[in-house]
Amino acid sequence: MVAARPHIFAHSVPHRVDPLSALYPAIEPYHLGRLAVDARHDLYFEQSGNPNGKPVVFLHGGPGGGTDPKHRRFFDPNHYRIILFDQRGCGQSEPFASLEDNTTWHLVDDIEALRVHLGVDRWQVFGGSWGSTLGVAYAEAHPSRVSELVLRGIFMFTDREAEWFYGRGTRVLFPDAWDAFIAVIPPAERGDLIAAYYARLTGEDPQQRAEAARAWSLWESTVASLVADESTLAHCDDPSFTLAFSRIECHYFLHRGFLAHEQQLLTDTAKIRHIPTTIVHGRYDVICPLENAWRLHKCLPHSELVIVADGGHSAFEPGIAAALRAATDRHR
C-alpha cells in the first residue's frame with residue numbers, strides 16, 4: 001500500500017522568535033502523584049488542564065530525559081486532561097538514574113499501569129524522539145487503549161538509525177561537536193563508543209562518570225536544533241539531568257532498545273494501522289533523519305506526515321512547536 005503524500009509545513013516565524021509563543025500559556029498541575037510500579041521503582045506523575053477533558057499522556061524523550069513544565073503547553077488546557085510522568089530512573093521518579101529493571105517493556109507496562117491507576121479508558125499518546133519509539137511500542141502492545149498517536153522526531157531503534165547518530169551520520173555535519181564527544185574516550189576504545197561510554201557511566205569513579213555524562217548530553221543537545229539553544233546547552237551542566245539522561249540512554253543503546261529484533265516496531269505496525277496518527281518531523285533533523293519518519297509513514301499509510309520545512313529535531317523549534325500544537329488541536 002502506498003503512503004499518502006506528506007503535508008509540508010512551511011512556517012514563516014523567524015527562529016529568533018520565542019518558540020513557546022506558538023504553544024498554549026504556562027499552566028500549573030491540579031494533581032501531583034506517585035505510583036509504585038514495582039518493589040523498586042516509584043514514578044512521579046502529574047495532571048493539568050481539564051480534569052474532565054480528553055486524556056492525553058505525554059511520553060518524554062531520552063530515554064532518561066524527564067518531563068518539563070513546558071511539555072504541558074502542547075495541549076489546549078480547556079479540552080485536554082494532560083498527563084505527564086517521568087519514566088523509570090529520571091526526573092522526579094526514583095531511584096535516580098537506576099538501570100535495574102529499566103527496559104522498553106517495563107516502561108510499556110508502566111504506561112498501562114498509570115492508565116489503570118488514573119481510571120482512563122483510552123487516551124491520546126503523544127511522544128517525540130525516544131517518546132515516539134515508546135509511543136509506538138505501547139500502542140502495538142495496547143492498541144485498544146490508544147485514541148490517537150501524535151509522534152515527533154521518529155526513532156524506531158533500528159541499527160541503521162543508531163549507526164547514523166553514533167557512527168557515520170551526524171558527525172559529518174557536526175565534526176566539531178563529534179570531536180568533543182569522543183575526546184573523553186581513549187583512541188583505543190573508540191571502535192565501540194557505546195560500550196566505552198557505558199563502562200564510564202556505570203563505573204566507580206565519580207569524576208569520570210560526571211565527565212562522561214556531560215559529554216554525552218552535550219553531543220545530543222548541541223545537534224538537536226538548527227540554531228543551538230543556549231538554555232539547553234546550559235542544562236548539560238546540571239548533573240541531576242546529565243547523569244540520568246546519559247546512563248539510561250546509553251543503557252538502552254547498548255541493549256539495542258530491548259527489541260526482539262531491530263525491525264520489531266516497524267514489523268508490528270499492522271496492529272496500529274487503524275489508529276489516527278499524525279507524524280511531525282523536521283526536514284533537517286540530524287539526530288533522527290527524515291527517512292525514519294518516511295518509513296513509518298509508509299507502514300502506516302493512513303497516517304498524516306507533516307514535514308516542517310525549516311525544522312530540526314527539537315520539539316521547541318518554532319515550526320516544530322507550531323505543527324505539534326496544530327496536531328493536538330485537530331485531535332482534541
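Predicted model: local features only at pLDDT ≥ 70, side-chain atom pairs only at ≥ 80, totals over all residues.
The geometry of Trp 130 and Phe 157 is edge-to-face. Their centres are 6.1 Å apart, with 85° between the planes. The structure holds 26 aromatic pairs, and Trp 130 with Phe 157 is one of the aromatic pairs.

## A stacked pair

Phe 165 and Trp 219 make another aromatic pair. Their ring centres lie 5.4 Å apart. The planes meet at 25°, under the 30 degrees that count as stacked, so this pair is stacked.

Phe 165 sits in helix 3, and Trp 219 sits in helix 7. The pair thus ties together parts that are 54 residues apart in sequence. Phe 165 and Trp 219 are buried.

## Charges over rings

Which rings have a charged end over them? One is Phe 316, with the charged end of Lys 70. That end is 5.1 Å from the ring centre. Another is Tyr 24, with the charged end of Arg 325. Here the distance to the ring centre is 3.7 Å.

## A nonpolar surface patch

Leu 226, Val 227 and Tyr 284 make a nonpolar surface patch. Its area is about 300 Å². Leu 226 lies in the loop between helix 7 (206-223) and helix 8 (230-235). Leu 226 is partly exposed, with a relative accessible area of 39%.

Technical notes
Residues numbered from 1 in each chain as written. Heavy atoms only, no water. Patch = residues over 30% accessible without salt bridge, like charges linked within 9 Å, V, L, I, M, F, W, Y side chains within 5 Å. Areas by Shrake-Rupley, 256 points an atom, 1.4 Å probe, with all protein chains shown as cover. Salt bridge = Lys/Arg side-chain N within 4 Å of Asp/Glu carboxyl O. Helix = DSSP H or I, 4+ residues; strand = E, 2+ residues; numbered from the N terminus. Buried < 20%, exposed > 50% of the residue type's maximum accessible area, 1.4 Å probe, protein only. Phe/Tyr/Trp six-rings, centres within 6.5 Å; stacked < 30°, edge-to-face > 60°. Lys NZ or Arg CZ within 6 Å of the ring centre and 35° of its normal.
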